[in-house]
Amino acid sequence: MLQKCKLLINGSIFVTILIQHSTMQISSSNLIIGKNLNALRLKMGLTQEILAKYLDTSREQISYYEIGQRTIPTDQLTKLSNLFCMDEFDFFEEGPENQKVNLAFAFRADELTPEDLHSIAQFKKIVHNYLSMKTAKRNE
């Protein structure tokens with residue numbers, strides 16, 4: 001809601017300013033995606049900080065995504081789907097039983113760098129594509 005306010009000084013209009021009152025509304029899809037992102041991040045043992053570096057954003061932004069206050073850009077959703085070896089639309093699934101997540105690939109390290117996450121995501125994307133092609137071939 002946009003509201004116009006005028007600043008009066010000695011009876012004369014000095015400046016007109018616009019004030020925007022934000023009524024923060026959180027979309028249900030943002031909440032679902034955020035909840036799924038949080039669960040997947042924790043399953044992989046990643047911190048918000050390392051995930052933020054991987055996505056080239058701030059840790060605070062990851063927090064906003066996870067609580068549903070911000071919408072995740074599609075390019076970042078694609079990077080996350082590659083990292084978690086899943087389709088983008090799986091982030092919109094409410095129940096974990098509906099997600100086709102493949103976290104069977106375990107990568108053990110004391111600390112993962114953003115470069116490590118890029119390599120892992122590239123590898124998982126190849127595996128995911130292979131499994132998708134195998135399923136499509138089987139269904140012909």
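**Before you start**

The model is predicted, so to speak of local features a pLDDT of at least 70 is needed, side-chain atom pairs count only at pLDDT 80 or more, and totals for chains, interfaces and linings use all residues. Residues are numbered from 1 along each chain as its sequence is written, and side-chain values use heavy atoms, with hydrogens and water left out.

**Stop 1: the whole chain**

Select the protein chain and colour it by secondary structure. Helices (H or I, at least four residues) and strands (E, at least two) are DSSP runs, numbered from the N terminus. Of the 140 residues in the chain, 30% are buried; buried means under 20% relative accessible area, exposed over 50%, and partly exposed in between, with a 1.4 Å probe and protein chains only. Among contacts between residues at least 6 apart in sequence, 50% join residues at least 24 apart. Contact here means heavy atoms within 4.5 Å.

**Stop 2: H2 against H5**

Now select residues 48-55 (helix H2) and 114-138 (helix H5), which pack at an angle of about 70° with their axes 8 Å apart. H2 is therefore roughly perpendicular to H5. The axes are lines fitted to C-alpha atoms, for helices over the stretch in contact, and angles run from 0 to 180 degrees between N-to-C directions. Angles under 35 degrees count as roughly parallel, over 145 as roughly antiparallel, 65 to 115 as roughly perpendicular and the rest as oblique.

The crossing of H2 past H5 is right-handed: a crossing is right-handed if the near helix is turned clockwise from the far one by less than a right angle, and left-handed if anticlockwise. Show side chains for Ile50, Lys53 and Tyr54 on H2, and for Pro114, Leu117, His118 and Ala121 on H5, to see the contact. Its residues divide into five nonpolar, one polar and one charged. In this scheme Ala, Val, Leu, Ile, Met, Phe, Trp, Tyr, Cys and Pro count as nonpolar, Asp, Glu, Lys and Arg as charged, and the others, Gly among them, as polar.

**Stop 3: H2 against H4**

Leu51, Tyr54 and Leu55 of H2 meet Gln76, Lys79, Leu80 and Leu83 of H4. The residues of this contact divide into five nonpolar, one polar and one charged.

**Stop 4: the buried side of H3**

Which residues of helix H3 (residues 59-66) are buried? Select Gln61, Ile62, Tyr65 and Glu66. They cover an arc of only 140° around the axis, which puts them on the same side of H3; the arc is that of the directions from the helix axis to the C-beta atoms. These buried residues pack against helix H1 (28-43), H2 and helix H4 (74-83).

**Stop 5: Arg41**

Select Arg41 in helix H1. Is Arg41 buried or exposed? Arg41 is buried, with a relative accessible area of 8%. Leaving out residues up to four places away in sequence, Arg41 touches Leu46, Thr47, Gln48, Leu51, Glu66 and Phe84.

**Stop 6: two positive phi angles**

Most residues other than glycine have a negative phi. Asp56 is not a glycine, yet has a positive phi of about 60°. Look for Asp56 in the loop between H2 and H3, where it is exposed, with a relative accessible area of 70%. Cys85 is not a glycine either, and has a positive phi of about 55°. Cys85 lies in the loop between H4 and H5 and is buried, at 2% relative accessibility.

**Stop 7**

Finish in the loop between H4 and H5 with Phe92, which is partly exposed at a relative accessible area of 41%. Draw a distance from its C-alpha to that of Ile33: the two are 59 residues apart along the chain and separated by 5.6 Å. Not counting residues up to four places away in sequence, Phe92 touches Ser29, Ile32, Ile33, Asn36 and Leu77. Phe89 also sits in the loop between H4 and H5 and is partly exposed, at 45% relative accessibility. Phe89 and Ile33 are 56 residues apart in sequence and 9.5 Å apart, C-alpha to C-alpha.
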